[in-house]
Amino acid sequence: MARTPVIAGNWKCHMRLDSAFELASGLRDRIDDVQDVEKIVCPPFLYLATVEVALTTSSIMVGAQDVHWEDDAAATGEVGPQMLEELVDYVIIGHSERRHRFGETDEMVNTKVQAALATGLQPIMCVGETLEERQAGHTEGVLLRQTRSGLNGSEFPDGFIIAYEPVWAIGTGMAATADDANGAIDLIRREIAAGFGQAKADTVRILYGGSVTGDNIAEFMSREGIDGALVGGASLKVDAFAKIVEEAARVRTGARGN
Ligand code: PEP
């Protein structure tokens, strides 16, 4: 089945109220008309409402960067799925910074995925090996474990989104090669097929993330298994993010450069 590509921008802990509004408005002016690619921006919680306003009626969707697994709970500092669902459609879950800087476990990621799905949010579930794991030859094991555990017990809808993000490629300027990324993504898809059937696995959008730019996105998008990108640094500037979106659309529609 044809999978609609996704380009999602993770703004992490960047922006202020005015710059968040400006970035969203600038993207709206620049890429609202780009078709055949699902465009998502994920601002900090605090700016979700502002960005929603800037993108009202536009084709650019909004996501959060994390979600707690419960609402109406004694969970100081957290934001529950129903709260988010009032504002956004997507949520990044299990980003490597959450896993490695803030101690998020596979079980927590799974609980968040289930809570998000139950509330109608579309998770963007991140998996990926660290440099140490890669050097020790554990990449496959880590990806299989994180994929299996993240989806455990879920009945996820067609089009579910996973981002393969090798931790060593995030924010380092050292992107994986398209062949390496494609190989890892194939492995993830095979694992989903083993657990949920090939037909279901074929609907899952699996993105690559890690130092994606306007200059390397075409190479990633030229691989059939890579369904788009999760973008950090290059999502913070209108021109840089717009180029990634435009290139992704160009490669996938086979259009000649413009
Ligand atoms: C990310 O934060 O998910 C990411 C991929 O960052 P960057 O594009 O900056 O490597």
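The following legends describe close-up views of a predicted model.

Local features are reported at pLDDT of at least 70 and side-chain atom pairs at pLDDT 80 or more, whereas totals for chains, interfaces and linings use all residues. Residues are numbered from 1 along each chain as its sequence is written, and side-chain values use heavy atoms, with hydrogens and water left out.

View B. An N or O atom in the side chain of Lys12 lies 2.7 Å from an oxygen atom of the ligand. The backbone contributes through a polar atom of Gly171, 2.7 Å from a ligand oxygen, and through an N or O atom of Gly232, 2.8 Å from an oxygen atom of the ligand. Taken alone the ligand exposes 290 Å², and the protein buries 95% of that (Shrake-Rupley method, 1.4 Å probe).

View C. Strands (E, at least two residues) and helices (H or I, at least four) are DSSP runs, numbered from the N terminus, and two strands pair if DSSP finds at least two bridges between them. Strand E6 (residues 161–164) pairs in the parallel sense with strand E5 (residues 122–127) over 4 bridges, and Met125 stands opposite Ile162. A further 4 bridges join E6 to strand E7 (residues 205–209), also in parallel; here Tyr164 has Tyr208 as its bridge partner. In a regular strand the side chains alternate between the two faces of the sheet. In E6, Ile161 and Ala163 point one way and Ile162 and Tyr164 the other, and all are buried (under 20% relative accessible area, with exposed over 50% and partly exposed in between; 1.4 Å probe, protein chains only).

**View D. Aromatic pairs involving Tyr208.** Rings of Phe, Tyr and Trp (its six-membered ring) pair if their centres lie within 6.5 Å; planes under 30 degrees apart count as stacked, over 60 as edge-to-face and the rest as tilted. The whole structure contains 4 aromatic pairs. The rings of Tyr164 and Tyr208 form a tilted pair, because their centres are 6.4 Å apart and their planes lie at 55°. Tyr208 and Phe220 are stacked, at 4.3 Å centre to centre and 15° between the planes. Since Tyr208 lies in strand E7 and Phe220 in helix H10 (residues 217–221), this pair ties together parts that are 12 residues apart in sequence. Both Tyr208 and Phe220 are buried.

**View E. Loop residues Glu165 and Thr203.** Glu165 is placed in the loop between E6 and helix H8 (178–196) and counts as buried at 5% relative accessibility. Thr203 is found in the loop between helix H9 (198–201) and E7, where its side chain reaches the backbone oxygen of Lys200 at 2.7 Å.

How values were computed: Polar contact = N/O pair within 3.5 Å; in protein donor to acceptor, adjacent residues only side chain to side chain.
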